[in-house]
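My notes follow in the order I looked things up.

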Amino acid sequence: MVDVLDNKRAATRFRILVQIAERQPAVSQGEIAEEVGVTSQAVSEYIRELVDDGLVEKEGRSRYRVTKEGVDWLFQAAGDVRRFANHVTEDVLGAMGEDAAIATDDVEEGDIVSLSIEDGLLHATPGNEGGATGVVTTDAEAGTDVGVTSFEGVIDLEPGSVTVLQIPAVRSGGSRAADLENVSDRCDEADLVVATGVEAVVTCREADTEPAASFAVGDVAAAAAERGLEVVAVTTADATGRVTDTLRDADVSYEVLEA
């Protein structure tokens, strides 16, 4: 992990590099100092180090630009910060709050339940047999929603993956150029099917599959895979990059196939 959260100096270095990227090429060290909360002299020293490390290049007096290496470093550091924030909000603070689950059997307030993920949704089963447990906050009948708190342990969940099926653009034949039998077989094997782009939606329908979502497909596919579902995302050639960028940012396993 990039050490931007390990010590104040690393955090300041990160913030100054962000400020340079935001203000480049005309960089006011005084403005950065005021924004970050350090002296102008300290900013000057940090910038000199960033230049020496190849993360920033100097183009002239008070003119700096973040290099490709600097951009890569910022992406990595920002990703680490985002994952840490997600850990805090979801794993740490989430365990202190209350969540909703589907009761697999009748439960009463105060019962201990085992927690599991089925079809991407949290389920609560009476008893403490599983790797993760909680305490229900309300009475509930089987199949209804119930509040759960006092989480302990880790839910046993194997992450899913996403198969991206790329459909030719309409100028290249669209749905008429797609292998409908292959699309149908892939969709039948999936837990969830989503599609983005007119050609992709039409292809799904021609293959007797109605996509569960046709907007924000990358986000939907990533969220479903993180919850253990196997997802097929049918996309047009123009939209494939946007979907895979989202999956890559979410660290979700995927493959791209021609439909």
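I wrote the rule down before using it: angles of 65 to 115 degrees count as roughly perpendicular. I also noted that this is a predicted model.

**Entry 1: two helices**

I began with helix 2, residues 29-36, and helix 3, residues 40-52. How far apart are their axes, and at what angle do the two helices pack? I found the axes 8 Å apart and an angle of about 105°. Helix 2 and helix 3 are therefore roughly perpendicular to each other.

Next I listed the residues that meet. Helix 2 brings Gln-29, Gly-30, Ile-32 and Ala-33. Helix 3 brings Ser-40, Val-43, Ser-44 and Ile-47. I sorted the residues of this contact into four nonpolar, four polar and no charged.

**Entry 2: the buried side of helix 2**

Which residues of helix 2 are buried? I noted Ile-32, Ala-33 and Val-36. Looking down the axis of helix 2, I saw its buried residues fall within an arc of 100°, so they line one face of the helix. I then checked what they pack against, and found helix 1 (8-23) and helix 3.

I also looked just past the end of helix 2. Gly-37 follows there, and its phi is positive, near 90°.

In what order do the four strands of the open sheet run? I wrote down 9-10-8-11, with parallel pairing. Strand 9 (192-196) and strand 11 (254-258) are the edge strands, and each pairs on one side only. From one strand to the next, the twist averages 20°.

I took a closer look at strand 9 and its partner, strand 10, residues 231-236. They pair in the parallel sense over five bridges. I picked out Ala-195, whose bridge partner in strand 10 is Val-234.

How many bridges join strand 6 and strand 7? I recorded four, in the antiparallel sense. Strand 6 covers residues 132-136, and strand 7 covers residues 145-153.

Technical notes:
Residues are numbered from 1 along each chain as its sequence is written. This is a predicted model: local features need pLDDT of at least 70, side-chain atom pairs count only at pLDDT 80 or more; totals for chains, interfaces and linings use all residues. Side-chain values use heavy atoms; hydrogens and water are left out. Axes are lines fitted to C-alpha atoms, for helices over the stretch in contact, and angles run from 0 to 180 degrees between N-to-C directions. Angles under 35 degrees count as roughly parallel, over 145 as roughly antiparallel, 65 to 115 as roughly perpendicular and the rest as oblique. Contact means heavy atoms within 4.5 Å. Ala, Val, Leu, Ile, Met, Phe, Trp, Tyr, Cys and Pro count as nonpolar, Asp, Glu, Lys and Arg as charged, and the others, Gly among them, as polar. Two strands pair if DSSP finds at least two bridges between them. Buried means under 20% relative accessible area, exposed over 50%, partly exposed in between (1.4 Å probe, protein chains only). The arc is that of the directions from the helix axis to the C-beta atoms.
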